[in-house]
Amino acid sequence: EAVALEAKFTNLASVAEVQSMAKYLSEDPGRKLVKIGEIKRDLVEVRFAEPDRGPVNLKELTLTLQILRGYLGLAAEEVEKEGEAALLGNLRSLRNAIGAFIQRISATDQSQAAVKLAAFQQALMDDIRGTFDALRHQDNRAGLRAEDLPEPLRNRFIGRTGKYLLQVYPREDVWQRPQQERFVKEVRSVAPEATGTPVQLLEYTTLLKNSYQEAAIYSLIAIIILVFIHFRSVTCVVLALMPVGIGMLWMLGFMAWKNVPFNPANIMTLPLVIGIGVTNGIHILNRFAEEQHPSIFAKSTGKAVLISALTTVTGFGSLILAEHQGIQSLGYVMAVGTATCMIAGLTFLPALLNLLSRRGWSPNKKPSGDDAQSTLGPEEPRY
């Protein structure tokens, strides 16, 4: 089953590689066992002498390397005549490396260099001998079994229940949403219950996006209900929400212009922008209901809306200086959204109220609290 799944995964366009032990444990070992037997027979007579444990003779080594460097130079000249560019580059690279090594030996303390080279030589020969011993003692009586695997591989790819792990690697950058969706969709077409980092990220970000979108809708509904209770007018509700609607459109345009997409960090600002932006319309409509005059910015209400919005823009705008991309984008979206809602509230809404007032429109009912204010005498100041 694992081998069949691996074949299906490999055929997917978005899959670059599949790693598994299944193909090694299920293959027909006949030809491989014969080849291993031949290798073992060839290595029976191979024996290594004990490596020289003494310090390296640096003069002899340097002379040998210089002779080799000279031969490489002659070989490079002949290869250049034949036009073999790839081989020529390799020869010149090796020749330059040998030259640099000779210079390094000359510039190093000779006794210390001799000891270090001797240690390297011994480690190299011990490693070669160990490799040949492992080849010589291979078990070619039967095919590879799960218990024959090295413990790290066995623990990684074979579970305690005996199930096999298939690790599927994407061909594209799955940190980007479109490639992530395509990769997960194709993998799920073969294994619907597949899991892993790309699947978890897709599900997490989708759930987060949907949750904040729902939160924005719920907050908007709650705001509409509260504004309606306050003004007792559907028209006032629409007017109060206009700065938010226009400001959000401007904010989305700015995000597209500056290539700032929504992400798990900044999408949480949607309910905040709606809540902050709608207060501008409520304050302006409150003042208009009191005075029936749309000249808002000349009054204290317009100045209060401006200063309140600017302090919010300054606070969230400071996050733009953060090095974390998510926090930076949150600052961008929140600062720009607050600013656009403020501009729409101080420009578009008063102009629209001015137009409506000229046509004879006025709020049907003054907002709550006006009855108490109406008892004030004409000499009392109003703010």
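Predicted model: local features only at pLDDT ≥ 70, side-chain atom pairs only at ≥ 80, totals over all residues.
Is Cys-236 buried or exposed? Cys-236 is buried, with a relative accessible area of 0%. The points below take up this residue again, after the overall form of the chain.

1. Overall form. The chain has a radius of gyration of 38 Å, whereas a compact globule of 383 residues would have one near 21 Å. Taken along the principal axes, the box filled by the C-alpha atoms is roughly 115 × 55 × 40 Å.

2. Secondary structure and contacts. The chain contains 14 helices and two strands. Of the contacts with a separation of 6 or more, 71% are between residues 24 or more positions apart.

3. Burial and surface. Of the 383 residues in the chain, 32% are buried. The accessible surface of the chain is about 24,400 Å². Carbon and sulfur atoms account for 59% of that surface.

4. Cysteines. The structure has zero disulfides. A disulfide is a covalent bond between the sulfur atoms of two cysteines. The cut-off applied to a pair of cysteine sulfur atoms is 2.5 Å.

5. Cys-236 has a relative accessible area of 0%, and Cys-341 has 1% relative accessibility. The cut-off for buried is under 20%, so Cys-236 counts as buried and Cys-341 does too.

6. Nonpolar patch. A nonpolar patch on the surface is formed by Ile-217, Tyr-218, Ile-221, Ile-225, Leu-226, Phe-228, Ile-229, Val-234 and Val-238. Together these residues have about 900 Å² of accessible area.

7. Where the patch comes from. Two helices, α9 (197-231) and α10 (234-257), each supply at least two residues of the nonpolar patch. The greatest contribution is from α9, which gives seven residues.

8. Val-238. This patch member is found in helix α10. How exposed is Val-238? Its relative accessible area is 42%. Partly exposed covers values between the 20% limit for buried and the 50% limit for exposed, so Val-238 is classed as partly exposed.

Key: Residues numbered from 1 in each chain as written. Heavy atoms only, no water. Buried < 20%, exposed > 50% of the residue type's maximum accessible area, 1.4 Å probe, protein only. Patch = residues over 30% accessible without salt bridge, like charges linked within 9 Å, V, L, I, M, F, W, Y side chains within 5 Å. Areas by Shrake-Rupley, 256 points an atom, 1.4 Å probe, with all protein chains shown as cover. Salt bridge = Lys/Arg side-chain N within 4 Å of Asp/Glu carboxyl O. Helix = DSSP H or I, 4+ residues; strand = E, 2+ residues; numbered from the N terminus. Rg over C-alpha atoms; globule rule 2.2 N^0.38 Å. Contact = heavy atoms within 4.5 Å.
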